[in-house]
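Please read the following with the model open beside the text.

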Amino acid sequence: MKTTYREAMRAALRDAMQRDDRVFLMGEDVGRYGGSFAVSLGLLEEFGPERIRDTPLSESGFVGAGIGAALGGMRPIVEIMTVNFSLLALDQIINNAATLLHMSGGQFNVPIVIRMTTGAGRQLGAQHSHSLEGWYAHIPGLRILAPATLADARGMLWTSLQDPDPVLIFEHGSLYNVAGEIDDDAGAVDIAKAAVLRHGDALTLITYGGTLPMVLDAAEQLAGEGIEAEVIDLRSLRPLDEHTILDSVARTHRAEVVDEGWRSGSISAEITARIAEKAFYDLDAPVERVCSAEVPVPYAKHLEQAALPSVERIMAGARRAVGAGG
Amino acid sequence: MTGLKNQGVPDAGHALHLLRQMLRVRRLEEKCIELYSAAKIRGFLHVYIGEEAVAAGVMETLAPDDAVVATYREHGHALLRGVSAGAILAEMYGHAEGCCRGRGGSMHLFDAATRFYGGNAIVAGGLPLAVGLALADRMAGRQRVTVCFFGEGAVAEGEFHESMNLAALWQLPVLFCCENNLYAMGTALGRSESQTDIALKAAAYEIPAWAVDGMDVLAVEEAARRAVDAVRSGGGPHFLELRTYRFRAHSMFDPELYREKSEVAQWMERDPISLLQGAMEAAGQLPAEDWTALQADVEAEISTAVGFAENGTPEPVSELLRFVYSDRPDDGNGGTGNAEATGNPEATGKGRAAG
Amino acid sequence: MPSLGADMEHGKVVEWLVKPGDYIHKGDLVAAVDTDKTVMDIESFQEGVLAEFLVDIGDTVDVGTPIARITATPAEVPPPSKAPPPEPPPAPHPRAAGGLPEPGAKVPPPVRHLAHTLGVDVGRISGSGPGGEVTRADVERAAAPSVTGAPPRKEEEQPEARPTPAETRRVRSSPLARRLAAELGVDLQGIAGTGPGGAVTEDDVLSAVPPRGQPAAPVSAEKPAEAPPSEAAEPSEPAAPEHVEPQEAPRRGRREAGSKAESLRQAIGALMSRSKKDIPHYYLSTTLDLAAAMAWMQAANQQRPVSARLVPSALLLKATALAAKEVPDMNGFFAKGAFQPSSAVHLGVAVALRHGGLVAPALHDADTLTLDELMDQLRDLVARARAGRLQRAEMADPTITVTNLGDLGVESVYGVIYPPQVAMVGFGKVLEQPWAHNGMLGIRQAAIATLSADHRVSDGLRGGRFLGRIDELLQAPDRL
């Protein structure tokens, strides 16, 4: 079946709403407007304003209300327009969603799903373009997902709704228009494991979310140079599927981490540290990282592109890692 | 407002019950201070002494399946909602027998059985939760009320305004109870708000709001009953500003440089316990032996609770990582592998599949 | 002294708000106390008469110290002559107490570790690094003269491979290269690095040893001296001719092709020397009755195309793998002073290379393979071994190794254990032998199986059981 990332996400929402009447979608402009990225277009007509619930511009208020509704037995899906806006709801996400289970000694779990877009590349400037999912991955008590494929766009939501604890889903803005084939009966997928999307023995390319297509492209071109790269799509940033990473590095002895987040104190830093801690004696070259330049994402196209990971930078890093120049 | 004078109370039996409730809170917290000074309890300790009439009056009006969201000054709310003094003290001791198995402490008391949702130490952080709990009830068609306690300091937070707006916009069954004790830590209301009439702020969101004498437990109860009934019958959110005063310091380590001792003394003349006790005594509604027996009962309850907490056991350190994620048998990643299910009856279990 | 906050450790009484003889109510303020933060009034939790002060104004005491005594009635007040017991001075704060002397200079942890290893006191070294930082070279310089007089401090690590400090030169090398070099007994000092900044990489180490060269245990000198080490047995059919020369792996690419039998010989020598030095070998042998196995195999082969025929090695290997599974003391690694049994049986198979030398890659999970699978994998392994196309895992994974010199006419072979493995099984030629069976003398096919095993892990009883088990398993070949 042909679909796009956006349609797959919408199909997942519709499916969840149909299967469980505790599920509802809440967020800014999810209803009348059809979703700021048109993900929920048409759902208001199908499910009505109670379950496709437009909210005021009150991120902390409606995210907190989602947490409360989850405590009260519902299965809310809360949409935040971008990760930058989610900062207005940090108190609720981190001080409440992530802690209530623990503070209550296991009495109150919070089965909420919070979706938001992330990432740059569309000339939206510094307040709509950042990749802060790595920050959230710092927080115990949260699950952090980054669907990068159509199958995951279609399948991660339902699994997340079955999870008893808060799940944050980060959808990279550049992926919504990605088109391709998925199975007609595509459905729920696991949300705990990383996926090896390409096998190779020269080095391991580790990435997630918006940079996955770029990494797959780079791997294809590297193969033309005789460098067979293994590609890991992390899928989940917390918990991190360390096993898949270490297992691959033990075979390839080289790793390159590609992350649209900034380098300092990032998820790429975490992955690199884990490799250094747990696969040190498997390494035959320093771990390479391709991250965003440490500036707020600029508006001008050429500046924005220069700040972001690129196929060229990924390939150059790979060549350095295998000692093939570059 | 009725106003407690010396003409007695309409229902002496019920008043005696309220007196007992307030005294239970008072004695529990006096004991907390003592135990804190003896270093049995650590962390921050915020006591409610002086404000007991608020929790005692409001709790009286709730049904068992209503929900309560409170602040970090919530020992009294927890106790009067039905959490045992022993479980509260054991929690402060950091013991496994505590209501949160030592994970929460004084500021984070929770209890699923009585739908007591904390224990929130972020000022105004509990308001959106209360809105959400009410939203769940509304969407599920349940006739339940969520009561949310917060201090007057919370009205300066954005979350207060976002929550007022959401609750009013969606006409949710929530009762907001602002415990106005005049100081946000050391900052007096007049030094932090341009508009000090708090009820007026709620009214601006089209929420019915009253100011109530928070030292008069009967007045509190009467106002709360009216509001709770209105909320339960579909009248949308309601708001009470309960004017009260904290007799003790903000927390244990507070030299109270921000207020005059004379001001405290003045308020202590309106001690909610003495007020009710005095009114009843003057009208001959509180025989001395009843008062003595009441005090002895409460002392015994607290003493038993201290014994329970003292004899508690520390949670094993091997359980450290528990309750970060829900226990789930099939997952080696998120959960810690413990089989015990989480206690929230509403957040677990299968969905009502729509077919 | 009450605790007024979690961070309050002591307090100073600055004022008494009551005096001896006063009646104190619960909650009365009794004193003002200066904490580290501020001055606070403190209250009494007792009711009664203030009998005496136990501390003076200006005294600082720890939290929990009694500061006054309250009695139930005035009668309990002690006579005034009784002086208050002297308050012991506050215990010195642990942090103030003398601890370890600060080192004279900044010493990075790896350098500190090196100094510790070499028995050098870093406090006495003046650092030559930036900001007076003590460097590795400083430590080595300091260590050099004292080496003869003061041997390095005894450590848990095995000291045998450590060069004298004067020789220690940091070789820029990847962690994997260092691990490999240690495993192969190769000295990194002599290897030219081709990695970033001249770092020695995995490939550089492997080129220093011939490609993928990793010696299996050759025939040892103890027993059949006639077996030359480079002529290890070939367990099955010859490799495909196009792979005669070891091929460079396509990845990463620039390792020198071309095998150097000489350096492989050196590597084998180093490894075997290490094995014989560290591992207390013991040796057993038994004669296997192969009548049933050979008869079964011949019958089975009659129904198979030539390309799918079984060879005796397959049966021997399978029986060995099963026995290793059953006798775990033979299967695993001895590392860090302890035996770590392996739950999987990865059977190392010694394969002779055409240019000399041999390797012993693993048949993974050999105990779980059918004979046909085992044959297939054996063919593939031998072909790839000769083509230099083995994967690293195959080289590193064997948990026990087998050498079979039967095809060369050798009757018995006592191998040298491949460290960190703990056992080596040897098979000799299948011979027709006179054999007494049920009191009757007849001719049977038989072969000598030997075991070299590590005495730190097992002894003859276990070893004997292991060999016996191989023999038993071969009596029911249809179940292999």
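In this predicted model, helix α6 of chain B has twelve residues, which at 1.5 Å a residue should span 16 Å. Which residues of α6(B) are buried? They are Glu159(B), Phe160(B), Glu162(B), Ser163(B), Met164(B), Leu166(B), Ala167(B) and Ala168(B). An α-helix has 3.6 residues a turn, so residues three or four places apart point the same way. The cover over the buried residues of α6(B) comes from two chains: it includes α3 (59-71) of chain A, and α5, β4 (174-180) and α8 (198-203) of chain B.

After α6(B) comes Gln171(B), with a positive phi near 50 degrees. Gln171(B) sits in the loop that runs between α6 and β4 of chain B. Ala39(B) is another residue with a positive phi that is not a glycine; its value is about 65 degrees. Its place is the loop between α1 (12-37) and α2 (52-59) of chain B. Ala39(B) has 13 other C-beta atoms within 10 Å, so it too counts as partly exposed. Most residues other than glycine have a negative phi, and most peptide bonds are trans.

The peptide bonds also have entries to check. The bond from Gly118(B) to Gly119(B) is cis, with omega near 20 degrees, and Gly119(B) belongs to strand β2 of chain B. In chain C, a cis peptide bond with omega of about 5 degrees joins Pro419(C) and Pro420(C). Pro420(C) lies in the loop between β15 (400-404) and β16 (423-427) of chain C.

The next topic is the contact between chains A and B. Here 47 residues of chain B are in contact with 46 residues of chain A. On the chain B side, the elements that give two or more residues are β2 (116-120), α5 (126-140) and α6 (158-169). Which of the elements gives the most to this side? It is α5(B), with eleven residues. By type, the chain B residues that touch chain A divide into 22 nonpolar, 16 polar and nine charged.

Chain A itself has 13 helices and 14 strands. Of its 326 residues, 60% are buried. Among contacts in chain A with a separation of 6 or more, 78% are between residues 24 or more positions apart.

One sheet of chain A can be followed strand by strand. It is an open sheet of five strands in the order β9-β11-β10-β13-β14, with mixed pairing. The edges are β9 (195-198) and β14 (288-292) of chain A; each has a single partner strand, so one side of each is left without a neighbour in the sheet. From one strand to the next, the twist averages 25 degrees. Strands of a sheet pair through backbone hydrogen bonds, either parallel or antiparallel. β9(A) pairs with β11 (residues 229-233) of chain A in the antiparallel sense, over three bridges. Within this pair, Val196(A) has Ile232(A) in β11(A) as its bridge partner.

Two helices pack against these strands. Helix α9 (residues 212-224) of chain A lies across β9, β10 (203-207), β11 and β13 (255-262) of chain A, and runs at about 170 degrees to β11(A). Helix α11 (residues 267-278) of chain A packs on the sheet and touches β10, β13 and β14 of chain A. The direction of α11(A) makes about 155 degrees with that of β13(A).

Chain C has ten helices and 18 strands. Of its 480 residues, 39% count as buried. Among its contacts between residues at least 6 apart in sequence, 64% join residues at least 24 apart.

Where pLDDT is low, the predicted coordinates should not be read in detail.

How values were computed
Residues are numbered from 1 along each chain as its sequence is written. Chains are lettered from A and ligands numbered from 1 in the order in which they are written. This is a predicted model: local features need pLDDT of at least 70, side-chain atom pairs count only at pLDDT 80 or more; totals for chains, interfaces and linings use all residues. Two residues are in contact if their C-beta atoms, placed from the backbone, lie within 7 Å. Helices (H or I, at least four residues) and strands (E, at least two) are DSSP runs, numbered from the N terminus. Ala, Val, Leu, Ile, Met, Phe, Trp, Tyr, Cys and Pro count as nonpolar, Asp, Glu, Lys and Arg as charged, and the others, Gly among them, as polar. Two strands pair if DSSP finds at least two bridges between them. Axes are lines fitted to C-alpha atoms, for helices over the stretch in contact, and angles run from 0 to 180 degrees between N-to-C directions. The expected span of a helix is 1.5 Å times one less than its number of residues. A residue is buried if 20 or more other C-beta atoms lie within 10 Å of its own, exposed if 12 or fewer, and partly exposed in between; C-beta atoms are placed from the backbone.
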